[in-house]
Amino acid sequence: MTPLTAPPSGPLTGRLRVPGDKSISHRALMLGAISTGKTEIHGLLEGEDVIATGRALTMLGADISRSGAVWRVRGAGVGGLAAPEQVLDMGNSGTAARLLMGVLASHNFSSVITGDASLNRRPMGRVMTPLRQMGADFDARDGDRLPLTVRGAPLPVPIDYRLPVASAQVKSAILLAGLNTAGQTTVTEPSPTRDHTERMLRHFGADVAVADDADGRHVTVTGYPELTGQQVQVPSDPSSAAFPLVAALLVPGSEVTVTGVGLNPLRAGLYDALREMGADLSIENQRDVAGEPIADITAKAGNLQGVTAQAVRAPAMIDEYPILAVAAACALGETRFEGVGELRVKESDRLAAVEAGLRLCGVETDSGEDWLTIQGCAGPPPGPAPGAAVATHMDHRIAMSFLILGMAARQPVTIDDSAMIDTSFPGFAAQMAEIGAGLT
Ligand code: S3P
């Protein structure tokens, strides 16, 4: 355990470029590995989660190397991966585990997938159910948890599957399995989730059709595409950019710009919610890279107002509730999160972790199975009693969120463990120091 403390901060100022998008980085390596020829990835997130994906793909036969800032992948082609000799350890990453289960579901060999203590608690049945319909076999630990063995289908069959939960990971697993499957595989999502897989599949040459109707969004991939290696520029991660930007909103006198941030509309819900709270956010220099919109975002400190974040918004900001909770703790009035039961099965039970951390810091909350209310302090929250530490439960976003709370609170906030921050935001403490926040 490596505790870290954020004391109340003076004004934060400057321009930053945060690391690459985690979702896009996983997908760039995976699609590179199942394409023919060479893929070059610029701006890959070199966090532990993504490194674990690279290691697993290497064990499956892809040739992955780094030269300077560029990652090169020589892929095996669609259906061309080989049986691994060792267990595939996906570390802390649900995205890596679930997407890889999809890829492997239509490769005719067995593999064993495991993860760390946090990942091995997370539900895998949501991907096993549709992938079994395609012909794959799984043998998982009780409760559909990792470690598990996946036996890829010898003759995968296409399916037409309606997602019972809004999950880009489940959608992506099915689409990836559909690549090495004859015919058309369709996923219907009741409300749209992040579409990085669809965008990147097209970038690599796949045929992906999207149709919206009263039933939801239908995404169809056609099997056996000729995927060919590409140049991929990974945008900065909007989920990571959220931490310095919310810090700037909360610490009086601050103004911070984060450049080249991914602003895919299905990821940008936090920025809409913050604006509704009265946040001074400006978005400039909008452009597209490798099929994804990006922009520079500037946040200026000011007073915030509580807000109701409705369930319909959840998929577009599913990873941002912990940092939105920190903004809510400093706002005037009540904030309410609705339809957020999925937060209970992320890297930790994020509703419980947020609630416990906020209460420790003197913020009043209430919650149910899928909702949370936060009574804002209309300024700096009191902060914890001396000696008390926020429990992070192996969750990088809980760790960073409460460090930001410390910058805005009356008393320093200590988190019990900062080690997991490297899964998504290597260099977090150094970058926060660059804009004036001292973490000790
Ligand atoms: C992700 C999808 C989300 C998100 C996760 C990354 C992805 O999970 O929470 O951090 O890259 O597809 P769900 O799709 O399960 O909600």
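Which residues surround the ligand? The ligand's neighbours are Ser 23, Arg 27, Thr 95, Ser 167, Ala 168, Gln 169, Arg 194, Ile 318, Asp 319 and Lys 346, where a neighbour has a heavy atom within 4 Å.

Before we look further, a word on the basis: this is a predicted model, so local features need pLDDT of at least 70 and side-chain atom pairs pLDDT 80 or more, while totals for chains, interfaces and linings use all residues. Residues are numbered from 1 along each chain as its sequence is written, and side-chain values use heavy atoms, without hydrogens and water.

**The ligand and its shell**

By class, the shell has two nonpolar, four polar and four charged residues; here Ala, Val, Leu, Ile, Met, Phe, Trp, Tyr, Cys and Pro count as nonpolar, Asp, Glu, Lys and Arg as charged, and the others, Gly among them, as polar. Helix H1 (22-33) and helix H5 (168-179) each give the shell at least two residues; helices are DSSP runs of H or I with at least four residues, strands runs of E with at least two, numbered from the N terminus. Domain 1 (4-20 + 235-434) and domain 2 (22-219) each contribute at least three shell residues, with bounds from an automatic or database domain assignment.

Polar contacts are pairs of N or O atoms within 3.5 Å.

| Residue | Atom on the protein side | Distance |
|---|---|---|
| Ser 167 | polar side-chain atom | 3.0 Å |
| Gln 169 | backbone N or O atom | 2.9 Å |
| Lys 346 | side-chain N or O atom | 2.7 Å |

Of the 380 Å² of accessible area that the ligand has on its own, the protein covers 95% (Shrake-Rupley method, 1.4 Å probe).

**Backbone details**

Elsewhere, the chain has some backbone features to look at. Leu 146 and Pro 147 are joined by a cis peptide bond with omega of about -5°, and Pro 147 belongs to strand S9 (residues 145-151). Tyr 224, not a glycine, has a positive phi of about 55°; its loop runs between strand S13 (216-222) and strand S14 (231-233). Met 394 is also not a glycine and has a positive phi of about 60°, in the loop between strand S22 (389-390) and helix H11 (396-408).

Methods
Polar contact = N/O pair within 3.5 Å; in protein donor to acceptor, adjacent residues only side chain to side chain.
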